[in-house]
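Below is a briefing on one protein model, grouped by topic. Please read it alongside the sequence and the coordinates.

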Amino acid sequence: MTGDPDAVVVGSGPNGLAAAVTLAAAGLRVLVVEGAATIGGGCRTEELTLPGFRHDVCSAAHPLAAVSPFFLRFGLAARGVRFVCPEVAFAHPLDGNRAVLVSRSVAATAAGLGEAAAAYRRLMEPIAAGGEALAATVLSPIRRPPASCPAGLTVLAHYGLRSAAAVARRFRSPQARALFAGAAAHAMMPLDSAPTGGAGLILTGLAHVTGWPLVAGGSARITEALAACLIAAGGSIETGRWVRALAELPPARAVLLDVAPRSFLAIASGRLPPRYRSAMARFRYGAGIFKADYALSGPVPWLDERCRRAGTLHLGGTFDEIAASEAAVAAGRHPESPFVLVTQPCAADPGRAPAGCHTLWAYCHVPAGSDVDMTARVEAQIERFAPGFRDLVLARATRTAAREEALNPNYVGGDIAAGMLTVRQTLLRPVPRWNPYRTPIRGVYLCSSSTPPLPGVHGRCGELAALTALPDVFGVRCPPDLAAVGSLPASPRQDRGTRS
């Protein structure tokens with residue numbers, strides 16, 4: 001790039017890169033500035049334990065990426081990104097050497113739920129039938145009403161703002177209630193809080209729509225494809241440069257910030273009106289995570305061997321056990337038996353580890369900012385359903401919630417959802433504003449997961465922020481063609497301390 005950029009994007013997570021690609025598709029010169037040494041934010045893959053063992057740093061399973069309107073227009077497959085779907089989207093082991101399995105088939109899943117089978121089908125069949133159209137609605141700005149109202153959206157409208165506890169009362173079998181608890185606990189809130197029921201319905205529904213796919217080779221393939229596209233379109237990426245004030249950036253007509261509200265307040269210090277600053281300061285962050293990655297000498301010895309076919313597993317036992325764990329975290333305590341979310345990538349992508357070996361990705365929820373090592377408690381939950389697991393561990397890498405924030409400031413207190421998913425902050429994030437991507441500073445926009453529609457790897461926060469900036473600043477009112485931009489193959493170029 002020669003001369004000053006037209007637009008600067010701060011942060012190279014999926015949303016920052018989606019914003020940059022959208023702007024570049026409109027013919028603009030775009031510079032991305034990243035504080036870390038490598039691009040990707042939470043969408044990275046690294047050898048965290050031993051050489052040859054590739055671990056996803058944060059995001060691992062990608063149901064939202066597979067149905068994202070942005071990624072469908074961008075064309076991940078044409079750019080070399082391949083989704084691989086485990087035979088079982090997710091599994092929920094229970095005591096007694098049995099597990100509940102969720103597959104693409106609603107009927108097959110319901111068949112394992114005993115007397116709750118009919119209730120499960122009534123909830124999930126309309127959501128699954130809505131498919132990608134329903135997902136597109138979920139990933140659209142909430143202020144825009146849908147063009148149509150499919151049956152699945154009616155179900156979500158009726159139950160989506162309820163708590164998981166309220167929705168689970170529809171299920172008469174303990175295995176169905178446990179299954180729903182595991183999906184709803186992704187919201188990182190007490191299960192008697194709204195809208196955890198909506199989180200459980202959306203995530204379980206996506207398992208029937210597209211599965212919970214992983215990316216062949218690791219999640220970093222997504223951000224590498226975005227970066228390669230940007231570079232091919234003439235953009236530039238600069239790593240190793242933390243931005244602490246807007247004045248540090250080169251002159252540009254538009255600045256898009258893939259940062260948390262707390263970081264934005266610091267970067268924009270002194271330039272925000274008091275009312276907006278106060279509203280942004282009230283933004284609430286949720287629980288943190290303690291994460292552990294494992295290099296294993298073989299597959300996890302699950303008591304129910306069907307779990308070996310699952311990409312993701314939810315460990316915590318019954319609904320009541322998981323609810324107690326999440327309530328303890330919300331009260332500032334570290335549960336003795338935490339809810340543990342596990343991904344075993346080699347179930348669908350054996351190339352993540354040397355022949356015969358496996359990787360395992362696991363985290364549990366902890367109070368925000370925790371520096372407590374939860375390794376023993378995480379491994380105790382895995383051993384509960386897979387005795388002998390510890391005997392397979394060749395190496396482990398762990399990260400506390402405090403460490404998560406230190407490495408990625410968007411994860412305030414270790415909150416990987418970039419903000420508590422209360423009803424208010426689901427509908428009005430980060431502040432009540434007609435267009436949440438605009439800020440009071442002319443030409444400055446927010447594009448992080450703290451903006452609508454939802455946290456996750458889908459790129460929509462970045463795309464929607466860019467689509468706001470294009471007409472505001474550059475007079476571009478027609479959405480650019482994402483499929484055409486940067487169509488020539490290229491490798492991501494990361495310039496340390498210089499700009500190209």
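Cys-364 counts as buried, with 0% relative accessibility, where buried means under 20% relative accessible area, exposed over 50% and partly exposed in between (1.4 Å probe, protein chains only). The model is predicted: local features need pLDDT of at least 70 and side-chain atom pairs count only at pLDDT 80 or more, while totals for chains, interfaces and linings use all residues. Residues are numbered from 1 along each chain as its sequence is written, and side-chain values use heavy atoms, with hydrogens and water left out.

**Cysteines**

- A search of the whole structure finds 0 disulfides, a disulfide being a pair of cysteine sulfur atoms within 2.5 Å.
- Cys-357 is in no disulfide, and the nearest cysteine sulfur, that of Cys-346, lies 8.7 Å away.
- Cys-357 is buried, at a relative accessible area of 18%.
- Cys-364 is likewise in no disulfide; the nearest cysteine sulfur belongs to Cys-58, 14 Å away.

**Sheet**

- Seven strands form an open sheet in the order E7-E6-E12-E13-E14-E11-E15, with mixed pairing; two strands pair if DSSP finds at least two bridges between them.
- Helices (H or I, at least four residues) and strands (E, at least two) are DSSP runs numbered from the N terminus.
- E7 and E15 are the edge strands, each pairing on one side only.
- From one strand to the next, the twist averages 20°; axes are lines fitted to C-alpha atoms, for helices over the stretch in contact, and angles run from 0 to 180 degrees between N-to-C directions.

- Strand E6 (residues 88-94) pairs with E7 in the antiparallel sense over 5 bridges, and Pro-93 stands opposite Ala-99 in E7.
- The two strands E6 and E7 form a hairpin with 3 residues between them, and Gly-96 in the turn has a positive phi of about 95°.
- Of the 5 residues of strand E7 (residues 98-102), 4 are buried.
- E6 and E12 run parallel and are joined by 3 bridges; the partner of Phe-90 in E12 is Thr-312.

**Strand E11**

- Because 9 of the 9 residues of strand E11 (residues 288-296) are buried, E11 is largely enclosed by the rest of the structure.
- Both faces of E11 are covered, with Phe-290 and Tyr-294 among the buried residues on one side and Lys-291 and Asp-293 among those on the other.
- E11 runs antiparallel to strand E14 (residues 358-366), with 9 bridges, and Ala-292 has Ala-362 as its bridge partner there.
- E11 also runs antiparallel to strand E15 (residues 393-399), with 6 bridges, and Asp-293 stands opposite Ala-397.

**Helices on the sheet**

- Helix H8 (residues 174-184) lies across E6, E7 and E12, at about 120° to E6.
- H14 packs on the sheet, touching E6, E11, E12, E13, E14 and E15, and its direction makes about 60° with that of E11.
- The buried residues of helix H14 (residues 375-385) include Val-378, Ile-382 and Phe-385.

**Nonpolar cores**

- The largest nonpolar core has 60 residues, and Phe-90, Phe-171 and Phe-180 are among those with the most contacts inside it; such a core is a set of buried Ala, Val, Leu, Ile, Met, Phe, Trp, Tyr and Cys residues joined through side-chain atoms within 4.5 Å.
- Helix H5 (residues 117-138) gives the most to this core, with 9 residues.
- Apart from this core lies another, of 44 residues, including Ala-7, Val-21, Phe-70 and Ala-254.
- Leaving aside neighbours within four places in sequence, Phe-180 is in contact (heavy atoms within 4.5 Å) with residues including Ala-164, Phe-171 and Leu-201.
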